[in-house]
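Hi,

Here is the structure I said I would pass on.

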Amino acid sequence: MNANQNRIIELIRDVPDWPKPGVVFKDVTPLLADADGFAAAIDELTDLAPGPIDVVVGMEARGFIFAAPVALKLGAGFVPVRKPGKLPGKVDQQSFALEYGDETLAIHSDALWQGARVMVIDDVLATGGTIGATAELIKRQGAELVHVAVLMELGFLGGRERLARAGVDTLSAVVTV
């Protein structure tokens, strides 16, 4: 593990039993509050990009925080994937299960284009539901999902394996716990 990865792990706080009993929430707000830690996280995520990227997609809400600066560093556009009712105009939606409930995500119907090289950035990979739903939205728009990068993978929850079974087989994590 390099110095950036060690710093990132030190700055992510565990919050037990949130948002419900039995869930250990990974709180990235201490990392975001530390300028050097935040910069290290963006550098590490950017380094995971496999060649030229047209668009970086980030999911509501913490995915936005990491995806937008990665897009800037890569010279790519940024496209938000949001909860229903948050985007004006025509949207495409995808529902999925989380480890502690159900959710739906939406993207503007014209956000991507045929063949666009897309990288997805998120803060935590848990069960894979959020990334899987986002991958489906990208696919429906005819774009190419070239890579998924997450700040932290919770390996014990099996999200990577679920995503691989769903056809998302290009994924990197800055740190895995």
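What follows is a walk through the parts I looked at. Keep in mind that this is a predicted model.

**The cores**

I started with the inside. The largest nonpolar core has 27 residues, and the ones that touch the most other members are V56, F66, I121 and L151. Two or more residues of this core come from each of α1 (3–11), α3 (35–47), α4 (62–74), β7 (117–125), β8 (144–153) and β9 (171–176). There is also a second, separate core of 25 residues, with L105, L125, I131 and L163 among its members.

Beyond its sequence neighbours within four places, L151 contacts I8, I12, V28, L31, A41, L45, F66, D122, D123, V174 and V175.

Is I12 buried or exposed? It counts as buried, because its relative accessibility is 10% and the cut-off for buried is under 20%. Setting aside residues up to four places away in sequence, I12 touches K26, D27, V28, L151 and M152.

α3 has 13 residues and runs 18 Å from first C-alpha to last, close to the 18 Å expected at 1.5 Å a residue. Its buried residues are G37, A40, A41, I42, E44, L45 and T46. Note that E44 is on that list. The elements covering the buried residues of α3 include α1, α2 (29–33), α4, β7, β8 and β9.

α5 covers residues 129–140, so 12 residues, and spans 17 Å between its first and last C-alpha, close to the expected 16 Å. Buried in α5 are G129, T130, I131, A133, T134, A135, L137 and I138. I131 also turned up above, as part of the second core. After α5 comes G142, with a positive phi near 85°.

**The second largest pocket**

α5 matters for this one too, in the plain sense that it gives the most to the lining, with five residues. How many residues line the second largest pocket? There are 13, and A135, K139, A166, G167 and V168 lie nearest the centre. By class, the lining is made up of seven nonpolar, three polar and three charged residues. The space in the pocket comes to about 210 Å³.

V81 is in strand β4 (residues 77–81). With a relative accessible area of 0%, V81 is buried. Leaving out neighbours within four places in sequence, V81 has contacts with V57, G58, M59, E60, F64, L105, A106, I107, T134 and L137. Of these, T134 and L137 are buried residues of α5, and L105 is one of the members of the second core. V81 and M59 are 22 residues apart in sequence, yet 4.6 Å apart C-alpha to C-alpha.

L157 is in the loop between β8 and α6 (159–165). L157 counts as partly exposed, because its relative accessibility is 23%. The C-alpha atoms of L157 and T176 are 11 Å apart, and the two residues are 19 places apart along the chain.

**Backbone details to check by eye**

The model has a cis peptide bond between W18 and P19, with omega about 10°. P19 lies in the loop between β1 and β2 (24–27). Another cis peptide bond joins E60 and A61, with omega about -5°. A61 is in the loop between β3 (55–59) and α4, and E60 is one of the contacts of V81.

Finally, which phi does D17 have? It is positive, about 60°, although D17 is not a glycine. D17 is in the loop between β1 and β2, which is also where P19 is placed. At 49% relative accessibility, D17 counts as partly exposed.

That is everything from my side for now.

Cheers

Note on methods
Residues are numbered from 1 along each chain as its sequence is written. This is a predicted model: local features need pLDDT of at least 70, side-chain atom pairs count only at pLDDT 80 or more; totals for chains, interfaces and linings use all residues. Side-chain values use heavy atoms; hydrogens and water are left out. Helices (H or I, at least four residues) and strands (E, at least two) are DSSP runs, numbered from the N terminus. The expected span of a helix is 1.5 Å times one less than its number of residues. Buried means under 20% relative accessible area, exposed over 50%, partly exposed in between (1.4 Å probe, protein chains only). A nonpolar core is a set of buried Ala, Val, Leu, Ile, Met, Phe, Trp, Tyr and Cys residues joined through side-chain atoms within 4.5 Å. Contact means heavy atoms within 4.5 Å. On a 1 Å grid over the protein atoms alone, a cavity is a set of points where a 1.4 Å probe fits but cannot get out, and a pocket is an open set with protein on both sides within 12 Å along at least five of seven lines; lining residues have an atom within 4 Å of a point. Grid points are joined across faces, edges and corners, and a volume is the space filled by probe spheres set on the points. Ala, Val, Leu, Ile, Met, Phe, Trp, Tyr, Cys and Pro count as nonpolar, Asp, Glu, Lys and Arg as charged, and the others, Gly among them, as polar.
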